[in-house]
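Subject: Handover of a structure with notes

Dear colleague,

Please find the structure below, followed by an account of what was found in it. I would be grateful if you read the notes with the structure open.

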Amino acid sequence: MAIEIESLAKRYGRFEALAGVSLSVKSGGVFGLLGPNGAGKSTLVKSLLTLVRPSRCQGTLLGRPIGHRATLAKVGYLPEHARFPDYLTGRQIVRMSAGLSQMARKLALAREEMLLERVGMATRADDVYRHYSKGMRQRIGIAQALIHDPQLVFLDEPTDGVDPQGRVEIRRMIEEMKAEGRTVFVNSHLLDEVEQVADEVAILCGGRMVERGRTADLTRREVSFVVRSQGPLPFELKAAFEKEGWLVGADSIEVRGEAAEVVQPVIDALRARNVSIREIRESRRSLEQVFLEAVNRKEEA
Amino acid sequence: MTQFGAIFVDSLRLLRGRSLFWITLGISLFAGLMYLSIGFTATGYSVGFGLVAVDHPAIRAGSPMAGMFYFAIFSVFLVNVWLSWVAVVLALITCAPIFPEFMAEGAAGSVLSKPISRWRLFAYKYVCGLLFALIQTAAFCVLVFLAMRWRVGSWNPTIFWAVPLITLMFSYLWAVMVAVGIKTRSVMAALLSVMVVWMSCWMAKVVDDFAWSASESGEIPTISGGERLSTSEQATWKRYQALAELPYRSLPKTTDTVNLLQRFVRLEGDREFSMSEVTTATLNGVPAKDTEVDASMTRGSPQWIIGSSLVFELMVVAYAGWLFCRRDF
């Protein structure tokens, strides 16, 4: 396990930011931590990285107790709203990160070139940070998080404020990190972003973990097939479909089930009545639906 | 690169990126040139590379007071006014944002998540914050060192005492600024409080000098010169001297730390600097030692002046470090 939290709590006075959260993250995948604003996502990550002093904390990070400073040499971090000294160039920021990670100079220089190339900043690496766009700043932030070849990388809202093209680039970088065998922990409230990259997700709400599991499993819970006809459905067919318990619209029928077999009787019935089929598609719950349901459940509770 | 090396290089880059650093260096260069422009002739001294010549019986080329006069200009005007007031204000303005900016959201995270303890990080950043004062004073002293060789004819490495002394004096104030900066995360609050502390140190020194003069020599300085006290008045001053000294004793000795330069420096022939001698030579043309004046200048041992100030600084730094280590980022 890359991360094994038995219990993590953090209070700010009377406000309970994290209420004894437990969480496990396997090594070598992309883990997405979701939650609405103020859910405690950043507090959780910061507690793991010793930026925040938790009220109670039991668990391990890369096999060592959370808070073990030497272990942080194997951890990379891109903070939310990352800000680096504006008098430094991108290359100097990456170099400083290497120095603070106590990397050997030769190795640092080699990795620095490779990473600047990889994040697409090789040609602008010697420009001053204050002249960078938001997307460029995030790329430099990712490069400094990876310079010391970490096993575990925390990315807190990595695509926040980045344009669509930049988001695609950052997703690609996350996939590359995963391909290299790193564990990537993505903290985000942008659900579609996480859905596209994360193998596993957890949903945090009000300082409590309300849902967790493999992304595919969570979205597979309610798979259905939707068949749309060319024009309105004949009345008797509509009645027959409704009798089967399927969800019937003016020109659509939705049948729940994971296997394609479940939709075959609908197709047969439509074809038998010479009704033209306009569309057949598999419909899954989006992570957004999973998220909203989990959050609503929590709020109702 | 080591962790200290990374923070040290970052601090140098920070200074390089601040226009005030270059402005201060530029003014220092100008002040150094002005100093260099003062020279000695057979009949007196000149200012502005010979532009203005002043005849003087005691201060002229080859006279024993020339070296002391030249050092006095450096010590009284350049060190006591430029380096320890104006340059320090500019240094404080330049360095005030270091900790508040470092602790801003999104800035501290990438550094604090590295395998470096918070105490160590704090100590490194604190020490590197002294670079402004150190570099400025060192550069200025090099100019003065060359100027002295040219104008007085001898190399005087003892003027480099100004580097640790000015840096030390700056460090007392820097400690306060760091503590307030960490506590409030506000550049303005840090600057204002350091100014208040600095003024308090200065006021405490003035009150202490006043009380000492009244109780020891029985004279209080007034606008018209000085006023003699009666024996009973002097006794009253003596009684309250300890109370008047209290703020001075507890606060860092900013002025006295810088004035130590006049005690540490050695002039040609291993002579000590004497303020009364140079003042009388300049004003009356005949150097005369006033032991009372010189005694007031050398009141308090260097160990006491530096030691008690360092105790204050260490307490403030320890508090700042404790705050820094406990803080959630």
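In chain B, residues 24 or more positions apart account for 70% of the contacts with a separation of 6 or more; two residues are in contact if their C-beta atoms, placed from the backbone, lie within 7 Å. In chain A, residues 24 or more positions apart likewise make up 70% of the contacts with a separation of 6 or more.

This is a predicted model, in which local features need pLDDT of at least 70 and side-chain atom pairs count only at pLDDT 80 or more, while totals for chains, interfaces and linings use all residues. Residues are numbered from 1 along each chain as its sequence is written, and chains are lettered from A and ligands numbered from 1 in the order in which they are written.

Chain B

Chain B has 329 residues, of which 39% count as buried (20 or more other C-beta atoms within 10 Å of the residue's own, with C-beta atoms placed from the backbone). Its C-alpha trace spans about 65 × 55 × 30 Å along the principal axes. The secondary structure of chain B comprises 14 helices and seven strands; helices (H or I, at least four residues) and strands (E, at least two) are DSSP runs, numbered from the N terminus.

Helix H2 (residues 19-36) and helix H3 (residues 64-95) of chain B pack at an angle of about 170 degrees, and their axes are 10 Å apart. Axes are lines fitted to C-alpha atoms, for helices over the stretch in contact, and angles run from 0 to 180 degrees between N-to-C directions. H2(B) and H3(B) are therefore roughly antiparallel to each other, a term used for angles over 145 degrees. Among the residues that make the contact are B:Phe21 and B:Tyr35 of H2(B), and B:Phe74 and B:Trp82 of H3(B). The residues of this contact comprise eleven nonpolar, three polar and no charged. Here Ala, Val, Leu, Ile, Met, Phe, Trp, Tyr, Cys and Pro count as nonpolar, Asp, Glu, Lys and Arg as charged, and the others, Gly among them, as polar.

Chain B also holds an open sheet of three strands in the order E1-E2-E3, with antiparallel pairing; two strands pair if DSSP finds at least two bridges between them. Strands E1 (39-40) and E3 (52-55) of chain B stand at the edges with a single partner strand each, so one side of each is left without a neighbour in the sheet. Strand E2 (residues 44-47) of chain B pairs with E3(B) over four bridges, in the antiparallel sense. B:Gly44 stands opposite B:Asp55 in E3(B).

Chain A

Of the 301 residues of chain A, 43% count as buried. Chain A contains ten helices and 14 strands. Its domain assignment, from an automatic or database source, gives domain 1 (3-218) and domain 2 (222-284). The centres of these two domains of chain A, taken over C-alpha atoms, are separated by 45 Å.

Strands E1 (residues 3-12) and E2 (residues 15-25) of chain A pair in the antiparallel sense over seven bridges. A:Glu4 has A:Ser24 as its bridge partner in E2(A). The hairpin of E1(A) and E2(A) has two residues between the strands, and A:Gly13 takes a positive phi near 65 degrees there.

Where the chains meet

The contact takes 31 residues from chain A and 24 residues from chain B. On the side of chain A that touches chain B, the largest share, six residues, comes from H2(A). The residues of that side divide into 17 nonpolar, eight polar and six charged.

Yours sincerely

Terms used. Parallel < 35°, antiparallel > 145°, perpendicular 65-115°, else oblique. Buried ≥ 20, exposed ≤ 12 C-beta atoms within 10 Å, placed from the backbone.
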